[in-house]
Amino acid sequence: MALITKKIKGTEDVLPKQSYRWQFIEKIMREESKAYGFKEIRTPVFEHTELFARGVGQTTDVVQKEMYTFTTKGGESVTLRPEGTAGAARAVLEHALDNEGLPIKASYFVSCYRYEKPQAGRLREFHQFGLEEYGTQSPAADAELICAAQSVLDRLGLDQIHLELNSIGCPECRAKYNQALREYFGQFKDRLCDTCLSRLEKNPMRLLDCKSPQDQELAKDAPKITDYLCEECENHFSEVKRYLDSAGVEYTVNPKIVRGLDYYTKTVFEFVTDCIGAQGTVCGGGRYDGLIEELGGKHMPSLGFAMGLERLLMVMDAQGIAIPDDDKCALYIATMGDDAKVKAFELLRRVRECGLIAETDVVGRGLRAQMKYADKIGAKYSLVLGDNELSDNKAKVKNMETGEQTELALDESFAEKFSVLNLTDNSSFSI
Ligand code: HAM
């Protein structure tokens, strides 16, 4: 059969047999966010284009080249979110959440859209888990947020991921630093790639993370931001490191971590691994003290991070980290005849009310085929329901692995007794 269309390049389907892997990591992320006092925020998948242009920044690759922007039938320019920070900040402002007290702590799971060249670990639709905290300038908050990210990665069982930390200062120290970079790279204009040449005036810090080998060579001797930090930024950075040291969080200060989005100030960080190829950044974040003002609010120093779920799953695969198997069917009832089908319908409903997975045939298979299917889905117990069982009002529940059988009455007690049997796994249990 010829399909009329296939999925869009750079997008992925998560199929029913794979989704437990996502649910496993999402559960850990939810638990950790909760432990750190964050509550979930859900914002729309599209926003006015202006939000990202102003929030993420006009000079960024994301805004210049990668946004999915379209004009609606009403003539408005809207954009599919390329990341979660701007939308969450917009919602915080729009609902004046600061009236409820500071800091505001929000977590999210979002799908994001960036028109990038797809490759392993780089998609056009991808998913992020993120935490954002508004209304604190304390370095303790930076360290706590990094600890939260580290806790998630630890609980996922990941290793060989290292934390790279930097401070890119405030607008004052950055202005001096940018000037120093312009002067330094300005000497090599004839050797810079076209992208770097165009960034030299507006966003010279981005030259530091250019992927071109020649530019990387030049970047090695470039001035370092850490030599240009003002006293306040310098102190803030020292304090962040002090808190991280006291928590035993290992990190490397990497002055080349500049991040690709314009809103960052002071602390920036990335968790990076070598085990999944070129797209090895699994988590990125930092402080963004000016964003809320940029979006029309009052001064509200804030910070956050986001992790890419696809990349984390790739790392888990690459490191051979086992994800617990999906829950299996506890009881499969095979039926013979219409009356048995109706009885199975009733029994299964009760078993499911006990929180167990229970199934029966709905495609009209014969008995043998039903049992084969029960085996295929890994059902723990099966039960055959025919005329004899209906007239005796009892049936044998069979442990599919050991073959042991336990007789249970098909009355109101069935579901509860089956639950106990399932729980104790004791096949000698009987009515
Ligand atoms: P980001 O570094 O652009 O930061 O993205 C965060 C994470 O999303 C990356 O580390 C990566 O794991 C994943 N990611 C990014 N682009 C792709 C892609 N094309 N395909 C697959 N995964 C991708 C932000 O988005 C900021 N909003 C993070 C933040 C939150 N900063 C402060 N608060």
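Biologist: Let's start with the largest cavity: which residues line it?
Modeller: Tyr177, Leu208, Ala219, Lys220, Ala222, Pro223, Lys224, Pro255 and Lys256 do. Keep in mind that this is a predicted model.

Biologist: What makes a residue such as Tyr177 part of that lining?
Modeller: A lining residue has an atom within 4 Å of a grid point of the cavity. Tyr177 is listed in the lining of the largest cavity, so it has such an atom.

Biologist: Why is this space called a cavity and not a pocket?
Modeller: In a cavity a 1.4 Å probe fits but cannot get out, while a pocket is an open set of points. The largest cavity has a volume of about 50 Å³, and the count comes to three cavities of 30 Å³ or more.

Biologist: How is the lining of the largest cavity split by class?
Modeller: Six of its residues are nonpolar, none are polar and three are charged.

Biologist: What about the second largest pocket: how much space lies in it?
Modeller: About 240 Å³. Its lining includes Glu12, Trp22, Gly121, Leu123 and Met314. Helix 1 (19-35) and helix 11 (309-318) each supply at least two residues, and helix 11 has the largest share, with four.

Biologist: How do the classes divide in that pocket's lining?
Modeller: There are five nonpolar, two polar and five charged residues.

Biologist: On to the ligand. Which residues come nearest?
Modeller: Of the 26 residues around the ligand, those are Glu83, Thr85, Glu116, Arg259 and Tyr264.

Biologist: How much of the ligand does the protein cover?
Modeller: The ligand has 650 Å² of accessible area on its own, and the protein covers 95% of that.

Biologist: Which elements give two or more residues to the shell around the ligand?
Modeller: Strand 6 (125-134), strand 10 (281-287) and strand 11 (302-308). Strand 10 gives the most, with five residues. By class, the shell has 11 nonpolar, eight polar and seven charged residues.

Biologist: What makes the backbone of Arg259 stand out?
Modeller: Its phi is near 70°, a positive value in a residue other than glycine. Arg259 sits in the loop between strand 8 (252-253) and strand 9 (265-273).

Biologist: And what kind of peptide bond joins Leu102 and Pro103?
Modeller: A cis bond, with omega about -5°. Pro103 is in the loop between helix 4 (85-94) and strand 5 (104-113).

Biologist: Into which domains is the protein divided?
Modeller: Domain 1 covers 19-170 + 230-318, and domain 2 covers 331-424. Their C-alpha centres lie 48 Å apart.

Note on methods
Residues are numbered from 1 along each chain as its sequence is written. This is a predicted model: local features need pLDDT of at least 70, side-chain atom pairs count only at pLDDT 80 or more; totals for chains, interfaces and linings use all residues. Side-chain values use heavy atoms; hydrogens and water are left out. A residue is near a molecule or strand if one of its heavy atoms lies within 4 Å of it. Accessible areas come from the Shrake-Rupley method with a 1.4 Å probe; for residues, only the protein chains shown count as cover. Ala, Val, Leu, Ile, Met, Phe, Trp, Tyr, Cys and Pro count as nonpolar, Asp, Glu, Lys and Arg as charged, and the others, Gly among them, as polar. On a 1 Å grid over the protein atoms alone, a cavity is a set of points where a 1.4 Å probe fits but cannot get out, and a pocket is an open set with protein on both sides within 12 Å along at least five of seven lines; lining residues have an atom within 4 Å of a point. Grid points are joined across faces, edges and corners, and a volume is the space filled by probe spheres set on the points. Domain bounds come from an automatic or database domain assignment.
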